[in-house]
Amino acid sequence: MLLKMDKETSDFDKWLQCFGLITDDLELVPALSAVSKFAGDALGLNIWFVEILGRRWSYIAGEIMDQPANSDIHRISLQDNIGVVSDTWEILSQTQRDKLIELLNKLVADRQASRCQGANG
Amino acid sequence: MSKTALKEWVSEVIKEDEINCYLDGGRDFIDDDLIKRHLRENRNPDPGKIRDIIDKSLSLARLEPHETAALLNVEDDELWEEMFKTGLEIKNRVYGPRIVTFAPLYCSNLCVNSCLYCAFRKENTEEKRRRLTLDEVRRETEALVKTGHKRLIVVYGEHPLSDTDYIADTIQTIYDTKVDNGEIRRVNINAAPQTIANLKRLKDVGIGTFQVFQETYHHETYKKVHPAGTIKSNYQWRLYALHRAQEAGVDDIAIGALFGLYDWKFEVMGLLYHAIDLEEKFDGVGPHTISFPRLEPAANSPITINSSYKVSGRDFKRLVTVIRLSVPYTGMILTAREPPEIRRDVINVGCTQTDASSRIGIGAYSETYGMQVSERQQFMLGDTRSLDEVTRELAQMGYLTSFCTAGYRCGRTGSYFMNIAKKGKVREFCIPNAILTFKEYLLDYASEETRKIGENLIEQRINNIPKKIKPVLLRRLHAIENGQRDLRF
């Protein structure tokens, strides 16, 4: 069990390194697409991204699931009306979920900030 | 509002640059001569060729104009029977044996236009004009929620008093209204074409699908039935309404034509070209739904009685079938304009959505006046049966009534939806979600008789659910029996 946990932790940490590979000049949608692709390939974690518009969660990026999963759909609000949806969220531990959300929020914030700077410039 | 202020408002609605950016060499995508040529050149099609086209439709590929023209020209009854069956087969492959149900909610019949076929036109002085207050919108919504509805199509005339601000306020009011377990979970709208800036505002309040019907794709007829000087007389402003919606990020869009203004075969071709142009310009995303209302009698609108292009029941079934075969991925809406016997028949050639317990008078759900009053509505309905009756009949026909709004609340919209619909995978979600939402309806709103029939159908449909998700579905059904609501895949 311990070994399994270690492996999971290791896979997750390796996957987190992908965030470092996403260059700052990559805009929000391609950046989120890359995160989603890495998550599916490396962890089997299905995530896709949306713009939250009241009740509407409108697709903007990420891998497309063409089969329902046998677990609940989780919807997590990030900042700036961006949301992440997952049908395999339970494969992550709470610590991993918190870390992922922190990094996604940063990724969104960095891009929104650079967009504002661009607009001002 | 003064006449001058009204005139000024009208003059400022259309933004030419939001038309011109979509034109190709100054022309729109409806080439009347080309459509007529396709129809002419594909007369008397060879049965072998028709069967090849049917096979292509069954592979869920969208047809090309010459192929659709060939289908429209079929005369042989046996071939039509094959096409009817294929329509249902395609629908079942993409969406499964379920029918999504909704209700229309008319918020205002104030209108600045003069469309000859519509009772809302400004010259019709016998129409009793009214715009619902937000409190009245809430009362109408409560009345609908109490019947079990979860989705609405909200309709507005084109007028400064029912402008984008009013539309946004009414949508918000509808979403905020709750009665016990019930609420409206998806608000689609049918409104006049908007600018991109205004569409972004509607997007921000969370509209479901934005629906604009071209009425007729035939340029000359369009000009005849929409008198010059009105906003609606601008064919291209309307034609590109949904391109602008896509541009604004409203990614579920709905097209339609009013059948009976011009040759029905031409209109089907127009709808196909509309779908193709949307696909080409927006990364494969075509119409979420296609509607095919037939011209119905409207107060003080003689054209609705006298039109030489009125569509017979036989041709109506044929045109619905050809649309199904031509654009296999799209949802198709059969409305209560049609009488029950037509709905019973035509739903079986591949329709995916229908309305029930419909009232189209302003304030008609919560007020006590008679079921249909011509001076208060746009046209006369053919089917005013209750949601319970329609749901029961659909169940007897083997259809799950679906109140599902899952896709739009977990990001399966726009290109996501198109991707799975075009692959015939959306049914994997539609069927279990239909079962869950139908179960909710049966427990909360259905009559004893409907509940019994509905529960039997659910039992049958559960047997066909893939093993992987069946245990989860059963757990969720159990949770619904224990009072949980709004569960979904």
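Student: Which residue stands opposite A:V50 in β4(A)?
Tutor: A:G83 is the residue facing A:V50 there. Bear in mind that this is a predicted model.

Student: How many bridges join β1 to β4 in chain A, and which way do the two strands run?
Tutor: Five bridges link β1 (residues 47-53) with β4 (residues 82-86) of chain A, and the two run antiparallel.

Student: What sheet are they part of, and what is the strand order?
Tutor: An open sheet of four strands in chain A, ordered β2-β1-β4-β3, with antiparallel pairing. The edges are β2 (56-62) and β3 (74-77) of chain A, each of which pairs on one side only. From one strand to the next, the twist averages 35 degrees.

Student: Which helix lies across β1 and β2 of chain A?
Tutor: Helix α2 (residues 28-43) of chain A, which runs at about 75 degrees to β2(A).

Student: Where is A:N81, and what is its phi?
Tutor: A:N81 sits in the loop between β3 and β4 of chain A. Its phi is near 60 degrees, a positive value in a residue other than glycine. For context, most residues other than glycine have a negative phi.

Student: Why is A:N81 classed as partly exposed?
Tutor: Because it has 14 other C-beta atoms within 10 Å, and the partly exposed class lies between 12 or fewer for exposed and 20 or more for buried.

Student: And B:D180, buried or exposed?
Tutor: B:D180 is exposed, because it has 9 other C-beta atoms within 10 Å. B:D180 also has a positive phi, near 50 degrees, and is found in the loop between β3 (178-179) and β4 (182-183) of chain B.

Student: Staying in chain B, which strand holds B:I189?
Tutor: B:I189 lies in β5 (residues 186-190) of chain B. B:I189 counts as buried because it has 25 C-beta neighbours inside 10 Å.

Student: What is B:I189 in contact with, leaving aside neighbours within four places in sequence?
Tutor: B:V154, B:I167, B:I207, B:F210 and B:Q211.

Student: New topic. Which domains does the assignment give for chain B?
Tutor: Domain 1 covers 15-25 + 91-410 and domain 2 covers 424-481, according to the domain assignment of chain B. Their C-alpha centres lie 28 Å apart. The contact takes 21 residues from domain 1 of chain B and 23 residues from domain 2 of chain B.

Student: Which elements supply the domain 1 side of that contact?
Tutor: In chain B, α6 (77-94), α17 (387-396) and β11 (400-402) each supply at least two residues of the domain 1 side that touches domain 2. The largest share of that side, five residues, comes from α17(B). By class, the domain 1 side has seven nonpolar, nine polar and five charged residues.

Student: How many residues are in contact between chains A and B?
Tutor: 28 residues of chain B are in contact with 17 residues of chain A. On the chain B side, α9 (196-204), α18 (406-409), α19 (414-422) and α20 (427-444) each supply at least two residues. The largest share of that side is five residues, from α19(B).

Student: What about classes on the chain B side?
Tutor: The side of chain B that touches chain A has eleven nonpolar, six polar and eleven charged residues.

Conventions. Residues numbered from 1 in each chain as written. Chains lettered and ligands numbered in written order. Predicted model: local features only at pLDDT ≥ 70, side-chain atom pairs only at ≥ 80, totals over all residues. Contact = placed C-beta atoms within 7 Å. Nonpolar A, V, L, I, M, F, W, Y, C, P; charged D, E, K, R; others polar. Pairing = 2+ DSSP bridges. Axes fitted to C-alpha atoms, helices over the stretch in contact; angles between N-to-C directions. Domains from an automatic or database assignment.
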